[in-house]
Amino acid sequence: MTFELPLLIFLVMTAAGAILVKDLISSVFILGTYSFTLALVWALLGAVDVAFVEAVVGAGLATVFFLLTLFSTLEKDTRLRRSPMPWTAMVGLSIVAILLLYGAADLPAFGDPGSPASTHISPFYLENSVGQTRTPNVVTAILMDYRSLDTLVETIVIFTAGIACALILRKGDS
Amino acid sequence: MIQAHDSVIVRTLGRIVIPVAQLFGIYVLVFGQHGPGGGFVGGVILAASMILAILIFGRDAPDSWLVPKVLHGDGLGLLIFVGVGGLCLIGGGQFLNYSHLEIPGLDDASRHYVGILMTQFGVAADVAVTGVSIAVSLSADDEDEEATHG
């Protein structure tokens, strides 16, 4: 539990740094650091599969795609000066932040067995997935068996992204 | 961006790192039912290793013989995934209900196990091919410009 607060502070620092840094390549690498920190947070919370995906996709593949995009475009943020934030945005964002914190106070505690997420259908998966599918990893059993139609549509989304990139970016490429 | 890298250190290191990364990707893919990981993560690791091969050796190098062939496999993973669902339909059940995979000698749970494994291979193939395809698309611009200017 002692690691959570430093990780959270580091997460906010890297997020702010990725936005504020002028050099876009530095920004991409700081964004990779942000993803890796987020993966550590997921791992601390016990969501190992999510942490794995976040580390591999966020810190690995997305960084490569951003870098490849930057090699084809400009590497610097060419705006000389950012316009200062208007006072309406300052006040409005503060109010939204206070509302979100107020709403977060009513969320169930971490790992609460009486919370809606733990009482609805999760116990069925935890009790029956090994017997029904012989798959010890419950996350894989849910993703690929109980919710396989959702996974199929997600796969179609990824396929469509590849097709769209090829259609837009490749010009006369064999 | 797609030309071969000329540094000896990078090429030698690539020869060592790329097979290890691909082996790890296959391990994550196959072991996804018993530990963290699965088709998506394994596919992304495979895609990353193949993108590394493109960046180091170039797209047309004989060292990366797998990469040009991989690009012809658009939709193969999706075909595997939907094909498993279609096999369930042929077996007389609902779409993607692995209980109706007609494999003789397997009980219900084992059929689900086989179905999960096959769909994971489908997802991995789809994600890996799409990752390499997007990387090639993103770096194809330079090559075309050089071709037109040169």
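Which helix of chain A is Thr151(A) found in? Thr151(A) is found in helix α8 of chain A, and the legends below return to it.

This is a predicted model, in which local features need pLDDT of at least 70, side-chain atom pairs count only at pLDDT 80 or more, and totals for chains, interfaces and linings use all residues. Residues are numbered from 1 along each chain as its sequence is written, chains are lettered from A and ligands numbered from 1 in the order in which they are written, and side-chain values use heavy atoms, with hydrogens and water left out.

**Figure 1. Chain A is built with eight helices and zero strands.** Along the sequence, the pattern reads α-α-α-α-α-α-α-α. Helices (H or I, at least four residues) and strands (E, at least two) are DSSP runs, numbered from the N terminus. Of the 174 residues in chain A, 24% are buried. Here, buried means under 20% relative accessible area, exposed over 50%, and partly exposed in between, with a 1.4 Å probe and protein chains only.

**Figure 2. Helix α8(A) has a buried side and an exposed side.** Ser148(A), Thr151(A), Leu152(A), Thr155(A), Gly162(A) and Ala166(A) are buried in α8(A). They cover an arc of only 105° around the axis, which puts them on the same side of α8(A); the arc is that of the directions from the helix axis to the C-beta atoms. On the other side of α8(A), you will find Val157(A), Leu167(A) and Ile168(A) exposed. The 22 residues of this helix (148-169) should span 32 Å at 1.5 Å a residue, and the end C-alpha atoms are 32 Å apart, which agrees. The expected span is 1.5 Å times one less than the number of residues.

**Figure 3. Thr151(A) is in contact with residues of chain A and chain B.** Thr151(A) counts as buried because its relative accessibility is 7%. Leaving aside neighbours within four places in sequence, its contacts (heavy atoms within 4.5 Å) are Leu143(A), Met144(A), Phe81(B) and Val123(B).

**Figure 4. Helix α7(A) also has buried residues.** These are Thr140(A), Ala141(A), Met144(A) and Asp145(A). Seen down the axis of α7(A), they fall within an arc of 100°, so they line one face of the helix. At the start of α7(A), look for a side-chain oxygen of Asn137(A), which reaches to within 3.2 Å of the backbone nitrogen of Val139(A).

**Figure 5. Arg134(A) and Asp107(B) form a salt bridge.** The closest N and O atoms of the pair are 2.9 Å apart. A salt bridge is a side-chain nitrogen of Lys or Arg within 4 Å of a carboxyl oxygen of Asp or Glu. Side chains of opposite charge can pair when their charged atoms come close. How many salt bridges does a search of the whole structure find over all chains? The search finds one. Arg134(A) lies in the loop between α6 and α7 of chain A and Asp107(B) in the loop between α4 (76-90) and α5 (108-149) of chain B, so the pair joins two chains. Arg134(A) counts as partly exposed at 42% relative accessibility, and Asp107(B) counts as partly exposed at 38%.

**Figure 6. Chain A meets chain B through 41 residues of chain A and 52 residues of chain B.** Together the two chains bury about 3900 Å², 70% of it on carbon and sulfur atoms. This buried area is the accessible area (1.4 Å probe) that two parts lose on being put together, summed over both.

Note on methods. Polar contact = N/O pair within 3.5 Å; in protein donor to acceptor, adjacent residues only side chain to side chain.
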